[in-house]
Amino acid sequence: MTTAPDRDTALSRLALTRRLVALLRREEAVVAGIGNTNFDLAAAGDRPQNFYMLGSMGLAASIALGVALAQPARRVVALEGDGSLLMNLGCLATIATVAPPNLALIVWDNGAYQITGGQLAATAAGTDLVAVARGAGIARSAWAHDEATFDRLVAAALREPGPALIAARVDAAPGAARPERDPVLLKDRFMRGLGAR
Ligand SMILES: Cc1ncc(C[n+]2csc(CCOP(=O)(O)OP(=O)(O)O)c2C)c(N)n1
């Protein structure tokens, strides 16, 4: 769907992250953004092909773009909070221009910078990140209004040529787990997980 869902139908970010992990079959790389996004990925299923961004907002998509270009035979998924993506909107134009067919972006839109105190983000005032992505040139950009649609969109993004962007309105539940916070260890493990070391 291209119409943004109402916020009162927000889905569980953790439940959706679990659904994503359940759909992974082929050692796909998953690059998770700062905070709740990577906390929930760690809870949903830690794996050597997961990379947990620490500190920098909005770079999961850019890192995932690099991985997708370096390993075109591997599917790559970026998970990003709406506040983080708003800080690096230019990546959408870059991804549309380079257009790696093996890249999918998933955006968790809770309308806020939740982890730093719930300050409202532009998405709460009406910025529609699916419309922004489509405008940037990522034609396969859609809202997941419910879990079944999310599953269908993710399965298609993992199988069909991308790039694709999937966004969901999510709740404000705190992140469910804490991954390792040693950046060198995380990077080395990820590189080994991708067979790059
Ligand atoms: C450049 C930069 N500015 C501010 C921060 C502080 N900060 C860390 S996480 C965060 C909010 C992230 O918001 P979002 O990506 O929407 O995720 P949420 O917390 O809502 O799950 C902020 C403001 C930071 N780490 N980097």
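1. The model is predicted, so local features need pLDDT of at least 70 and side-chain atom pairs count only at pLDDT 80 or more, while totals for chains, interfaces and linings use all residues. Residues are numbered from 1 along each chain as its sequence is written, and side-chain values use heavy atoms, with hydrogens and water left out.

2. The ligand is surrounded by 16 residues, a residue being near a molecule if one of its heavy atoms lies within 4 Å of it. Gly55, Gly83, Ser84, Asn110 and Ala112 are the closest. By class, this shell has six nonpolar, eight polar and two charged residues; Ala, Val, Leu, Ile, Met, Phe, Trp, Tyr, Cys and Pro count as nonpolar, Asp, Glu, Lys and Arg as charged, and the others, Gly among them, as polar.

3. Of the 580 Å² of accessible area that the ligand has on its own, the protein covers 74% (Shrake-Rupley method, 1.4 Å probe).

4. The ligand takes up the space of the largest pocket; for this, more than half of its atoms must lie within 2 Å of the grid points. A pocket is an open set of points on a 1 Å grid over the protein atoms alone, where a 1.4 Å probe fits, with protein on both sides within 12 Å along at least five of seven lines. Helix H4 (82-87) and strand E5 (112-113) are the elements that give two or more residues to the shell around the ligand, and H4 gives the most, with four. Helices (H or I, at least four residues) and strands (E, at least two) are DSSP runs, numbered from the N terminus.

5. The largest pocket holds about 360 Å³ of space, a volume being the space filled by probe spheres set on the points. Its lining comprises 24 residues (an atom within 4 Å of a point). Nearest its centre lie Ile34, Gly35, Asn36, Ser84 and Ile115. Helix H2 (36-45), H4 and E5 each give two or more lining residues, with H2 giving the most, at four.

6. Gly162 and Pro163 are joined by a cis peptide bond, with omega near 5°. Pro163 is in the loop between helix H8 (147-159) and strand E8 (164-169).
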